[in-house]
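Please find below a colleague's note on the structure under review.

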Amino acid sequence: MLNAVSGARTDIGLKRSLNEDSIVAGTHLWAVADGMGGHAAGDVASRLVAESLRSLDAHLTIRPGDVVACLAQANERILDYAVQVPQAAGMGSTVAGLAQVMVGGIEHWAVFNVGDSRVYRCHAGGMSRATVDHSETEELIMEGRISEEEARHHRLRNVITRSIGTDPAPQVDLWVLPPTPGERFLVCSDGLTTELTDHQIADVALSVVDPDEAAGSLLAAALAAGARDNVSVIVVDLPATEADGFDPADDITLPRLKLAREDLHG
Amino acid sequence: MDEPLTYVPGSAVAVCAPGIAVLLEADAPADLVAALFAVLRGSGELDDVLDEIVRPGLRAIHSFAAAQWSDAGTRVVVRGDFVGHPDQGEDVLGRGLWTDRFVPAGCAVRLDSGDGGDGEELPLVCGVVRAGRIGTAPEAGYASPAIRESTDQPAVVSLEKPEASSTDQPAAAAQEQSDGSPVEPGVALAYAVLAAAPTKELPAEAPTEHDAAAEPAEEPPATPVPFVPEQAEEPWVTPGPAPTLTPAVPVAASTPVPPPVSPASGAMLIESFPWASDQYSAASPLQPADPWSQPVSPAAPAAEQPVASAWSGPDDEAFEMTVDRSRLVQRSSEQTTMVVAARCPRGHLSPAYAGVCRVCGQPLPPQQPFEVARPTLGLLRLSNGDVVMLDRGVVMGRNPRLPAGYSGEQPNLVKLQDPNKDVSSQHLEVSLDYWHVLVSDLGSTNGTEVILPGRPAVQLRPNDPMMIEPGTRVIIAGVMDFVYEVLG
């Protein structure tokens, strides 16, 4: 298992009466789920997602397919709940997260999301988005009709195009990448990204070394900016050690023919 | 069932009679529509409807939805892409040949073809219309006190002499106009029975009208409403304070709802919607306020409060609530790669131009291709059994990185375990192009071989993509491999 360290915060914010975000800060799986739906059904939806993912984290080895299957199960649970509790119709949840997975016998990251909660990745002094939002405004941005800044204030910013709790089940975006020592991931709900620009987030994420402090600073910044929604943020670090030093020689691949001759001659 | 069904105009074809409705694809054959209408006004049984639909063959119709309402509940049958939508519980989705489900009483059910507009809900007691959705409206919707009033009225306004009716004639009448030329049923019958009052006796009397419905309807094309007052002399028109209007619209309207326009039809006898005009405004003192004169909220079903506020108004908590767009519109279209697809009998998606299904090999039936977000094209099965899904591309190597200048969705980066360093850091890339899966060697030291099914191994030229098929084996640096498989 990779030796990741993390810090996590979730907060009701300044305007809401209920925190419908749920977070998972596990040993090798971290996620944020942002629930929606009237009558506090959003709270139930995000908790159902979080519980499903927490059980997955209990497994020692997980594969990307396990994450997708787990979210499909969470989807079913939400649908079942909505059937039994008719006032909860329309309930659903986003999810965004990071999991350590095995692919081909090697540990990789799986970055996954459904909806407009996000994962960012910081590396080598830069921060970039690791997920694509499933939202109306993201589509407008991709079409070039609005800018990122406009999107944060757009009247359609709360309309998401995929969520956990739909029939048919939503397509989960899952991106596999190998771990890079020294990288940092942020997993957050849109309560953070609506209040702060990517620059403001990067300022904190790239400068505060301790992940727990970083999560706290990001929450504080969101609260200072108004926190109109619930705010959740998890910071996950993969520390770099000398043992992880990158050896340029790693890049060299020896032609097999040559190797064979060396083998033969000991 | 007391309440009439209501529908929203669209391009699908809805055939209904009290307590039963069928929704067909836009290109449903005219003879099927006519036959179904005859069945609906005859036995009115869903099983007979299903009999009629499969008469040309089990899979002749790709999508349809049908429902029969009774006091015990509603039986919903759905096939293909249509949806049965109860206002409580799960949607009824077509699986296999069709899905047949019983929804308990007290639940409104709507059949949805997916291509209805945001138009107004219109009542329809019996007839054939171009609709996007049809069914019973939720409680909060369109029932009106006037309905109960009008149940006192004995039957139906019919547009022909009572003695002229018989159960045989409707089918025949549907086929021809007074001049003998065949009438498109969707048009001829569409407006014939909007006039019917929603009484319990209605089903029994349903056959008594509409035979020559086409005839009177044709007469004054400029006045599309067929139940013109002049015909009120007919004995079947119910006596009452406003004989011409009372039986007209089941839902209270002082303005009779005019017949629906069939937009695709060239043989239209209806020229316009007169409901905007005052021509038929309230004459009867008994008519209560017309609920239909209130504009119906087009955006979403009345039950969804968050939706209404998400689209209007300044900042308040309701406005801030997140909603899933699929609750607002029937279709979600994302900025993902779109492909033109056809469906095989098992429901798999394949390129529209293919002759057989890319997943199961079944021949693709002739059909109208449709645009859809590209499905996952399959998976790569690595030597140790692990799989990498092909919903996006993959770069494989000992230390894979995103190729410089990469734009678009980030491919999966799969690190390969190779202590002997035979595999290059960036060894190969599997990419998706429309429906195709391509593999490309990224300039590796020890090369990449591709073995297409039934063919000898081929060495890839650096950066020269090759299209691969399901069952292809790719050998990396001669030391490890994976196989491309489609999802079963």
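Predicted model: local features only at pLDDT ≥ 70, side-chain atom pairs only at ≥ 80, totals over all residues.

1. The secondary structure of chain B comprises 9 helices and 25 strands. Of its 488 residues, 50% count as buried. Among the contacts in chain B with a separation of 6 or more, 59% are between residues 24 or more positions apart. The chain exposes about 21,100 Å², and 53% of that area is supplied by carbon and sulfur atoms.

2. Nonpolar cores. The largest nonpolar core contains 62 residues, and Leu53(A), Phe112(A) and Met396(B) have the most contacts inside it. Helix H1 of chain A (residues 41–57) contributes the largest share of this core, with 8 residues. A second, separate core has 24 residues, including Val33(B), Leu36(B), Phe64(B) and Cys126(B).

3. Surroundings of Met396(B). Leaving aside residues up to four places away in sequence, Met396(B) touches Leu380(B), Leu382(B), Val414(B), Leu416(B), Ile476(B) and Phe482(B), among others. Its contacts also include Ser425(B), Gln426(B), His427(B) and Leu428(B).

4. Nonpolar surface patch. Val387(B), Met389(B) and Leu487(B) form a nonpolar surface patch of about 190 Å². Met389(B) lies in strand S16 of chain B, residues 387–389. Because its relative accessibility is 33%, Met389(B) counts as partly exposed.

5. Salt bridge between chains. The structure holds 20 salt bridges over all chains. In one of them, the side chains of Arg63(A) and Asp386(B) meet at 2.5 Å, N to O. This pair crosses between chains: Arg63(A) is in the loop between H1 and helix H2 (64–84) of chain A, and Asp386(B) is in the loop between strand S15 (379–382) and S16 of chain B. Which of the partners is buried? Asp386(B) is buried, with a relative accessible area of 5%, whereas Arg63(A) is partly exposed at 37%.

6. Salt bridge within chain A. Glu183(A) and Arg121(A) form a side-chain salt bridge (2.6 Å, N to O). The pair links distant parts of the chain, 62 residues apart: Glu183(A) sits in the loop between strands S10 (173–177) and S11 (184–188), and Arg121(A) in strand S7 (residues 118–123). Glu183(A) is buried, at 1% relative accessible area, and Arg121(A) is also buried, at 17%.

7. Charged network in chain A. A salt bridge joins the side chains of Arg129(A) and Glu138(A) at 3.9 Å, N to O. Both residues are buried. Through shared partners, salt bridges connect Arg118(A), Arg129(A), Asp133(A), Glu138(A) and Asp198(A) into one network.

Conventions
Residues numbered from 1 in each chain as written. Chains lettered and ligands numbered in written order. Heavy atoms only, no water. Helix = DSSP H or I, 4+ residues; strand = E, 2+ residues; numbered from the N terminus. Buried < 20%, exposed > 50% of the residue type's maximum accessible area, 1.4 Å probe, protein only. Contact = heavy atoms within 4.5 Å. Areas by Shrake-Rupley, 256 points an atom, 1.4 Å probe, with all protein chains shown as cover. Patch = residues over 30% accessible without salt bridge, like charges linked within 9 Å, V, L, I, M, F, W, Y side chains within 5 Å. Salt bridge = Lys/Arg side-chain N within 4 Å of Asp/Glu carboxyl O. Core = buried A, V, L, I, M, F, W, Y, C linked by side-chain atoms within 4.5 Å.
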